[in-house]
Structures are given as C-alpha cells and as structure tokens.
Amino acid sequence: MNREKSSGGSEPAFVFSPETRQHNIDRMNKETFDVLVIGGGITGAGIARDASMRGFKTALIEKGDFGAGTSSRSSKLVHGGFRYLKQLQFRMVREALVERKILMDLAPHMVYPIECLLPIYRGSIAKASQVHIGMRLYDILASGRNIGRYRMVSAEELTKMEPQYRHEGLRKAAEYYDCWADDFRLVMATIQSAAQNGANIANYMKAIDIIEEKGRVAGVLAVDQLTGGEVPVRSRVVANATGPWSDDVRRQLLDAKDQKLRLTKGVHLIVSTEVLPIQHAFMQFAVKDGRPIFAIPWRNFVLLGTTDTDFVGDADRFDVERSDVDYLLESFNYYFPRTNLTDSHIISTFGGLRPLIFEDGKAASKVSREYQIFEKPENFFSIIGGKLTTYRKMAQKMVDRLARRLAGSFGLNARDAQCITDRVPLFGGDFQNYEEFRREWTSRLVSEHSLESETATHFVETYGTRIPALVGMIKETPDGADRIHPDLPYVWGELTYTVNHEMAMTLDDFLVRRTHIFSLAKGQGLDVHEEVADRMGERLGWSADEKTHQIDQYKSSIWLTRHFRDSI
Ligand code: FAD
C-alpha cells in the first residue's frame, strides 16, 4: 500500500515508510506475483519500474538498503563512455549516449550536464589526432541528443581555465560534455516510481532459497533481516538482479556451478575544493598503468577516482586498502602538482565492485561493460554486466524477456505491452518547466520557509517536485529547518521525510545514502551520529541495545573505508 490519505486533506499522498514495508511483507506472504525481482540496486529498481508500468503484479526484495551495493558507489557519471571508443564498442557507446539524454529528460533536476576536460600532454597515451577523431565520433554517435559540441582548447587557455593542472608538457585539451547524477538518488527515484505504479517493495529482505512447485521455479524464500522472520514470496517468474552477488545467489538458490561474473574493485577519494580548486571534470590516464582516471567537482568537493583491480573475496566486506589510495594519490599529485595531496586531505573514501561479464584473460579495465540476460532454469532469469547509465534499457530488455515467458507459459499478457519508461518522468521529475520550477522554489524555500539558499538548492536537485511533501515534514519536525551538521545543507526535517517517504530503516541508510554526511562531513558525522540515532530510534522504536547496535554498525562502515590510515 503506497498510497494513503495525507494528514491534511483528501489528496492521496505517497507514503513509503516502515509501515509500508511491513504491509508489503504481509502481502508477499499471502499473494502470488507475476514478477519477483531480487536486488534493489539500479538494475532491479529499473526492472520493477518497467514491469509494474506494463501492468504486471510485481514484487522486489533487497537484502540491505536500496542502492547499498554498487549503485550508490559508482563514479556517478551518466555518460557514453568516451574511453570505450578505443575498444571499438560503438554500439554500446551509442546506446549509452541515447540513455544519457533520456535520463536527463526523465529527471532533469538530478541528471545534469558537466563540462569535462581531457588534457593532452607530450607523450600522452591519447594522441591529439586520436582525441580529435574520438571526440567527433562521440558527437556523431550522440547525434540529435548532444549536450554541446566538443572543442579543442590551447594550452594557454587551459592554464587560465584550470591553473591547478600540470603545465609541463601540456599541448592542448579537448573540452566536451557528459552528465552527472547522484546514483543513490537515481535508484531511490526509480524504486519510488515502481512503488507508485503498484510494485510491492521491501528492503532488508534477503532471498535465501528457491521455491519449486511441480519441478518448476515458483518464487523464493526470503528472510527479514530486521526481525529474522522467513517469508515465502511466490511468483511466476523471478529476475535475479543482484549485480556483484548474482553468481552467489545462483549458487545458493540453484546450486549453479558456472561462473558468469568478473568482479573488479573501484575506489574513490573525496577532498574539498579548498584543497583542489577545479571547475571542470578532469579526465586523464593513471601514471602507473595508463588506465582512465578522473577528478569531478561536486558541490564543495572533488571526487577522485578510480581504481580497477580484480576482486576476490567477500563482497559484503568491501574495504579500501592502502594500495588503492596510493595509486590515486600518485597520479593526482602528478597531474595537480600544486596540491601535494596526502591522507590528511582525504575527507572520506568509498568504492564498489563492478559486476562485469566474465571474459577469460582480459585486463580488468579492458573487460566489456556490455550486459547479458539468461534464463536458467525455466522461469529464473539473471541479468549481469551493464552500467548505471544504461539501466533503463537493460530493464526494458529484461522485462521483454519476462513478458514473453509470462505470455508463453502462463498465458499472461501485459496490460500495456509497450515499454513506456523512456517517456514517463521519474518520481520527483514531473516538471512542467524545470527552470521555472527551480527559480520559483529556490526563492520560495528561502523567503517563505526560512531555509538557507544552499539547502534550497540541495532540495531542488535532490527531491524535485516532492518538495511540498518535504516542507510538510519540516513543519512536523522539531527544529525541522535547522542543519544537522554545520558544514552541510541537510536539515532535521529530512530525517522525518526519508523515514516516511523513502523507507530509511537504519542509521547507515540515513547518514550514508539518504544524506552524504558519511562521505562529505569532516569527521564523517561522528559528531552528530548519536543525535541522529536518538531521533531515528524514537520514530522506529529502537531499544537502547538496538541504538548501540546501529551506532556500532555505522562505525564499522567508517572503519572499512578508513583503516588504511595509520591512525583512524
Ligand atoms: P547493485 O547495485 O550491486 O545491486 C544489487 C543488489 O542486490 C544489492 O543492493 C544487493 O544488496 C542485492 N542483493 C544481493 N544478494 C541478494 C539477495 N540474496 N537477496 C536480495 N537482495 C540481494 N556506471 C556508469 O554508468 N557510470 C559510472 O560512472 C560508473 N562508475 C562506476 C564506478 C565504480 C567504482 C563501479 C564499481 C561501478 C561503476 N559503474 C558506473 C557501474 C554501475 O555502478 C553498476 O553497473 C551498477 O550500479 C550495477 O547495479 P546493479 O543493480 O546491477 O548492482
């Protein structure tokens, strides 16, 4: 039940709360679904949205929080992938460029263009002529969906534009455009869109076994990670969209023996723009091995990434190691010689595992970013590979396959056979005119609701047309318009909003993903986490022991990304 009466009147308001979660789990226990999606990352969210929009009775379970796997740990580029042109992957780049434009239209507040610079140095891996050809091709492949055409910039102009860049050996640079999006927010908006279309969704529900009837897959047994209760979830078809865990899930549920995945590890560092004052996204090649790296300004911060090394181990215990950090510091200190970056400048680190298709004998960074869908056994589908950027298209192809099976084996035809996910705005993205909305609300939030202008901008870019519901929550919350952390624009009203409208269930959910206090606050929020736990615990009924557990869990998340330092 995602639509309930709002407290103030007869308009139905969207609710996606802990109570919605319990209601959805009760339904899962009793009903049979057409489509069950395992995994609430961007891929699973996209499948649930598409399937529910076509009229299939859809459920989704996620073992942790939405997006807590790879989909909140990416480099956040919504891009064609200029570098894949070198590998002649034209079809994939074209598809990603088309999707880039679609996502800009579906959520213009969240997916926005960034200006990128690719400097060319004497002896550079990318020669000027190759960059010229590549950029032209990038524009052609985006044809009709370009953000802006590339241009070449002289060394002189570049050093004026970006004085921090290395000057020595600089010949020229290509200036071009791609897009950027807060990946977790994209997952959340997609999940909420699915819920709005009737999908029955719960986080903290882990698939642990398969249900078979008459020798056929008929659903999965799930365990509620918050209560320990087991719930059989029956469904005609199952879509395994568990990203880096998809081989593990097939092994655990189906006893599969084959390897379909190759996991590679990607780590990022976050520093302040006070330390590294750059205006454009900087694209380059690592000093050590020539693989692509970048520095992307994000509000008052810069994101530095990324590594790409094979990963073997427990995907649930992802951590950042000394060698990951040294690899990035070495390159960025070479390309930004005036900064002299050290551990002391790193506010936080984060990273994830790329769920790539297994291809024997290829270097990690050369493995294709294509995706594959396969059905094995009947009624159990898996999707592997892909990118954040192409998730909508991946979901469309998966739901096409599911729809064929549902029609063929169950005589069940979609109410709306046509996929319309490229036309219907994402949750919070339904603007008449985004620029007008932006102007109106950045001013109204300040003048009528006494919010700071930095908070107003953050609201528009994060919640879009959901702002009125958020304003309602701010009024209901004690000190609702006050900052949670002095350095960042988040306010206490967002805690109430994200619990009630975004199913935030744990301290990590709020501090790591709903806000980025974990990544962006100096000290990673260890000066405010107790008060957040107090307030969240009051709403969610945590005992003293549960509150301690939540705090320990948060400290453990910090430790995994900080233990590379000599002193934590
Ligand atoms: P995930 O997000 O990992 O979701 C899978 C989910 O399944 C998880 O939330 C997990 O908890 C859940 N799950 C696992 N087991 C179970 C179970 N038994 N029961 C229930 N749930 C379960 N792409 C881009 O387009 N642009 C980029 O800039 C970019 N940068 C990247 C940088 C890095 C470092 C990495 C690692 C990837 C990057 N990508 C990028 C790729 C992109 O992030 C991934 O392709 C995408 O996020 C994968 O999404 P997913 O939903 O398949 O997997």
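Predicted model: local features only at pLDDT ≥ 70, side-chain atom pairs only at ≥ 80, totals over all residues.
By contact I mean heavy atoms within 4.5 Å.

**Entry 1: Isoleucine 346**

I started with who isoleucine 346 touches. Skipping residues up to four places away in sequence, I get Leu269, Ile270, Val271, Val325, Leu329 and Arg565. I then looked up where isoleucine 346 sits, and found it in the loop between α8 (322–335) and β18 (348–357). Is isoleucine 346 buried or exposed? Its relative accessible area is 4%, and the cut-off for buried is under 20%, so I put it down as buried. I also checked isoleucine 346 against serine 143: they are 203 residues apart in sequence, and their C-alpha atoms are 39 Å apart in space.

**Entry 2: Serine 519**

Ile270 turned up again when I went to serine 519. Leaving aside neighbours within four places in sequence, serine 519 is in contact with Ile270, Ile347 and Ser348. I found serine 519 in helix α15, which covers residues 517–520. Its relative accessibility is 9%, so serine 519 counts as buried.

**Entry 3: The whole chain**

Next I stepped back to look at the protein chain. I wrote down 17 helices and 20 strands for its secondary structure. Along the principal axes, the C-alpha trace spans about 70 × 55 × 50 Å. The accessible surface comes to about 22,500 Å², and carbon and sulfur atoms own 48% of it. I looked at contacts too: among those with a separation of 6 or more, 72% are between residues 24 or more positions apart.

**Entry 4: The ligand**

Then I turned to the ligand. Which residues come nearest to it? Of the 36 residues around the ligand, I listed Thr43, Glu62, Ser71, Leu77 and Thr389 as the nearest. I sorted the shell by residue type and got 12 nonpolar, 17 polar and 7 charged.

At lysine 63, I found a polar backbone atom 3.0 Å from a nitrogen atom of the ligand. Glycine 386 also uses its backbone: one of its N or O atoms lies 3.3 Å from a ligand oxygen. I then checked how covered the ligand is. Taken alone it exposes 1,000 Å², and the protein buries 95% of that. The elements giving two or more residues to the shell are α2 (42–53), β10 (205–213), β13 (261–272) and β18.

**Entry 5: Threonine 498**

I moved on to helix α13 (residues 493–502), where threonine 498 lies. How accessible is threonine 498? I have 0% relative accessibility for it, so threonine 498 counts as buried. Its side chain reaches the backbone oxygen of leucine 495 at 3.3 Å. Beyond its neighbours within four places in sequence, I listed Arg185, Tyr463, Met503, Ala504, Phe510 and Arg514 as contacts of threonine 498.

I finished with some backbone angles. The peptide bond from glycine 305 to threonine 306 is cis, with omega near -15°. Threonine 306 is in the loop between β16 (301–305) and β17 (309–310). I noted another cis peptide bond between lysine 376 and proline 377, with omega about -5°. Here the loop is the one between β19 (371–375) and β20 (380–385), where proline 377 lies.

I also looked up phi for arginine 299, which is near 50°, a positive value in a residue other than glycine. Arginine 299 belongs to the loop between β15 (292–298) and β16. With a relative accessible area of 38%, arginine 299 is partly exposed. Glutamine 524 also has phi near 50°, and it is not a glycine either. I found glutamine 524 in the loop between α15 and α16 (529–540). Is glutamine 524 buried or exposed? I wrote it down as buried, with a relative accessible area of 1%.

Terms used
Residues numbered from 1 in each chain as written. Heavy atoms only, no water. Helix = DSSP H or I, 4+ residues; strand = E, 2+ residues; numbered from the N terminus. Buried < 20%, exposed > 50% of the residue type's maximum accessible area, 1.4 Å probe, protein only. Near = heavy atom within 4 Å. Polar contact = N/O pair within 3.5 Å; in protein donor to acceptor, adjacent residues only side chain to side chain. Areas by Shrake-Rupley, 256 points an atom, 1.4 Å probe, with all protein chains shown as cover. Nonpolar A, V, L, I, M, F, W, Y, C, P; charged D, E, K, R; others polar.
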